[in-house]
Amino acid sequence: MSTYPITLPTKEERHKLFGSVPPVKGTKPTEKDKMVDLQNTPKNFLFALDAVGISNVKHPVVIQDGDKTQATVATFELSTSLVQDRKGINMSRLTEQLDQYHQEGWVVTNESLIQFARDLAERMEQSEGQLTIRYPWFFTRKAPATGLSGLMNAEVWQTVSVDTETNEATLTVGLTINVTTLCPCSKEISEYSAHNQRGYVTMEASLRDEADDFDWKQELLDAAESNASAPLHPVLKRPDEKRVTEMAYENPRFVEDMVRLIAADLYEMDAIATFFVECRNEETIHQHDAIARITFDKDAQ
């Protein structure tokens with residue numbers, strides 16, 4: 001308990017009590033055009049850099065979702081290359097451009113991301129611009145028997161790199177989704193039942209230039225879920241749960257099976273040049289997880 005009566009001083013006096021001091025009377029300029037620009041002072045700084053920028057930038061965005069749009073919150077990494085004779089880039093210009101695009105009603109597509117990266121490079125007077133955007137993508141899922149619907153989400157991302165000197169652009173897309181997998185070995189050796197688990201499927205693919213009409217989010221989602229023992233659902237009544245349980249039992253999958261089956265689907269997609277697939281199962285009868293991965297370059301065949 002306090003041994004003093006509470007008589008509060010003014011807020012300014014309280015701040016002084018806890019260490020605040022008045023600002024010093026400075027001698028350096030306050031006008032921007034009179035300030036030293038360290039980043040743009042030319043000098044030999046030993047090495048050119050591949051990427052300089054900012055990461056973990058959260059920002060609301062509108063994404064293209066098939067023939068519709070969807071609002072979500074994205075995490076950005078924005079960067080450009082840096083020539084040898086400059087100390088750094090003006091990083092405030094990165095978020096300045098992000099806000100400018102947002103104010104102009106930006107809808108995120110593969111094409112607009114490429115233009116964004118190109119504008120970054122030109123704004124920074126560098127040859128290369130890069131960005132990665134990650135966000136939850138929401139989609140409707142109906143229960144298999146009753147048809148009751150709810151929202152699901154997958155983590156998706158797009159990575160773009162643009163070289164303004166060659167006018168070349170590379171685009172990589174990815175998606176992670178959860179699925180159900182039922183153990184084939186457990187089913188084979190048991191008199192009844194089989195253990196199953198939640199699997200995490202991660203896919204990443206580089207797209208060809210002619211992939212403009214490729215609905216990559218839906219295609220990657222279908223590749224993962226159609227090859228799983230069963231997809232996940234936000235709403236299940238008893239008839240739905242019966243169907244999902246039986247579906248998983250009818251389609252047992254090891255992580256090795258999952259990766260190979262998904263790889264086959266991605267191999268058949270003309271819009272994809274290279275791909276990576278990983279499946280990680282949270283094992284229900286072990287403390288450890290089971291994993292399998294594949295990386296494949298279709299043009300190297």
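This is a predicted model: local features need pLDDT of at least 70, side-chain atom pairs count only at pLDDT 80 or more; totals for chains, interfaces and linings use all residues.

I'll start with the whole chain, then go to one helix, and finish with some charged pairs.

Okay, the overall picture. If you trace the chain, you'll find 7 helices and 10 strands. Now, is this thing a compact globule or more spread out? The radius of gyration is 26 Å, while the globule rule gives 19 Å for 301 residues, so the chain is more spread out than a compact globule.

How much of it is tucked away? Of the 301 residues, 39% count as buried. The accessible surface is about 18500 Å², and carbon and sulfur atoms make up 51% of that. As for who touches whom, take the contacts with a separation of 6 or more: 65% of them are between residues 24 or more positions apart.

Let's zoom in on helix 5, residues 216-225. This one is mostly covered, with 7 of its 10 residues buried. The buried ones include Trp 216, Leu 220 and Leu 221. But have a look at Lys 217 and Glu 225 as well, because those charged residues are on the buried list too, each with under 20% relative accessible area.

That brings me to charge. The chain carries 31 positive and 48 negative side chains, and the centres of those two sets sit 9 Å apart. Side chains of opposite charge can pair when their charged atoms come close. How many salt bridges turn up in the whole structure? The search finds 10.

Here are three of them. In helix 6, residues 238-250, Lys 242 pairs with Glu 246, with the closest N and O atoms 2.5 Å apart. Why does that spacing work along the helix? The two are 4 residues apart, so about one helical turn separates them. In general, an α-helix has 3.6 residues a turn, so residues three or four places apart point the same way. Glu 246 is partly exposed, at 32%.

Next, Arg 280 bridges to Asp 289 at 2.8 Å. Arg 280 is partly exposed at 26% relative accessibility, and Asp 289 is partly exposed at 35%.

Last one: Arg 86 and Asp 85 meet at 3.6 Å, N to O. Arg 86 comes in at 26%, partly exposed, and Asp 85 is partly exposed too, at 37%.

Methods:
Residues are numbered from 1 along each chain as its sequence is written. Side-chain values use heavy atoms; hydrogens and water are left out. The radius of gyration is taken over C-alpha atoms; the globule rule is 2.2 Å times the number of residues to the power 0.38. Buried means under 20% relative accessible area, exposed over 50%, partly exposed in between (1.4 Å probe, protein chains only). Contact means heavy atoms within 4.5 Å. Accessible areas come from the Shrake-Rupley method with a 1.4 Å probe; for residues, only the protein chains shown count as cover. Lys and Arg count as positive and Asp and Glu as negative; His and the chain ends are not counted. The place of a charge is taken as NZ of Lys, CZ of Arg, CG of Asp or CD of Glu. A salt bridge is a side-chain nitrogen of Lys or Arg within 4 Å of a carboxyl oxygen of Asp or Glu.
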